[in-house]
Amino acid sequence: MWTRFDREARPISDSSSLDLLRELVELESPTGHSEGLRAVAERVAAELEPHGGEASFTGDHLRVDLPGEGEPLLLLGHVDTVWPVGTLADMPFRIENGRAYGPGAYDMKAGLVVLLEAVRAAGRRRRALRVFLTADEEIGSLTGRPLIEEAAEGVAAALVLEPPTPRGNLKTARKGLARYRLVARGRAAHAGTHPDEGASAVDELAHQILVLRGLNNPRQGITVNVGVIRGGLRENVIADHAEAWIDVRVTHSADVPKVERALSGLIPFVPGTRLELEGGFTRPPLERSTGGARLFEQARRHGTKLGLDLHESSSGGGSDGNLVGALGVPVLDGLGAEGGGAHARDEHVLLASLPIRARLLSQLLIEPGL
């Protein structure tokens, strides 16, 4: 038991929060669906306006500045989900055993509710705030990154509304993430009558997969996974094309150039074949920093008063906090609602966590400990 409230059954105390969560979940907003993304962002902006929020849009990305004392705190979240439009038809929003189910409920529309409730609860006691909601976080914040970096200028710290760990822990570190596509090109030939005239791209890719596997170093926090492979035309044809999609994760920033050199330096094994590589790091590692540790210690103190037994953790996944941390800004992640099933059909939010996580964040908005 990691908190003193009933994680399974206690109903949420504020029905307006539940209504807002339902509304946001039922605004389907997969990455790239501008209508849904804008609807979610505009709904959040409308909630922040009574608190002095001045909203601006760049595409479907939302930035809201709220007045207050001191250097602003940056609140980071995203409005996109992995679920295509139409998912609600067979995966509707529902409440069951103290949990709210629905596409994007946990990742991360409940986090948006926590953000809004925290701003409301903090009132005029809070510091100046800057809210930035990304519209393409689920595909690596490809268009959002420069806007996030711009929003991070002059802020005291960043607080990220992604979910906590399954045990409710906050995150002071995250792995960096890279995605690569490796293509092997060979020479086609008849596999039965003229095999020697061919150069198999499939054979070449098989060699490269073993090389990639050798780059794994779990003790150093480096993982390399070949998740998808494609190649060949027919079983009786020497393949002239094969490709692999590669996921790379690193714990330490110092290992990024090492991995990049290893990938760019791959050499063909099979005569007559050649290699092409595209991709790279979309998120640098978020390494634990002194500022991030101070934020966590303040959150832990606030949490104790609320009945939360908070611990800090690291995550193998990335978030927009990685991008801000790389700029030297202190980051505390995992401040969203508790639950589980991210990107899965049982995605759900523990409703009892919504009000208490909002109270925790509201205290950080008033006294971040910096």
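Which residue in E15 does Arg-174 stand opposite? Ser-315 is the one facing Arg-174 there.

## Ground rules

This is a predicted model, so local features need pLDDT of at least 70 and side-chain atom pairs count only at pLDDT 80 or more, while totals for chains, interfaces and linings use all residues. Residues are numbered from 1 along each chain as its sequence is written, and side-chain values use heavy atoms, with hydrogens and water left out.

Helices (H or I, at least four residues) and strands (E, at least two) are DSSP runs, numbered from the N terminus. Strand E8 covers residues 170-174, and five of its five residues are buried; buried means under 20% relative accessible area, exposed over 50%, and partly exposed in between (1.4 Å probe, protein chains only).

E8 runs parallel to strand E15 (residues 312-315), with four bridges between them. Pairing here takes at least two bridges found by DSSP.

## Asp-333

Asp-333 belongs to the loop between strand E16 (331-332) and E17, and at 0% relative accessibility it counts as buried. Its side chain makes a polar contact with the side chain of Ser-319 at 2.7 Å. For that label, a pair of N or O atoms must be within 3.5 Å; within protein, one must be able to donate a hydrogen and the other to accept it, and residues adjacent in sequence count only if both atoms are side-chain atoms.

Leaving aside residues up to four places away in sequence, Asp-333 also touches a set that includes Leu-170, Lys-171 and Arg-174. Contact means heavy atoms within 4.5 Å.

Most residues other than glycine have a negative phi, and most peptide bonds are trans.

Ser-141 sits in the loop between strand E6 (127-134) and helix H4 (145-151) and is buried at 1% relative accessibility. His-343 is in the loop between strand E17 (339-340) and strand E18 (348-350), and is partly exposed at 42%. There's also a cis peptide bond between Asp-107 and Met-108, with omega about -5 degrees; Met-108 is in helix H3 (residues 105-122).

## Charges over rings

Arg-38 lies over the face of Phe-57, 3.8 Å from the ring centre. The charged end of Arg-94 sits over the ring of Tyr-101, at 4.0 Å from its centre. The test is NZ of Lys or CZ of Arg within 6 Å of the ring centre and within 35 degrees of the ring normal.
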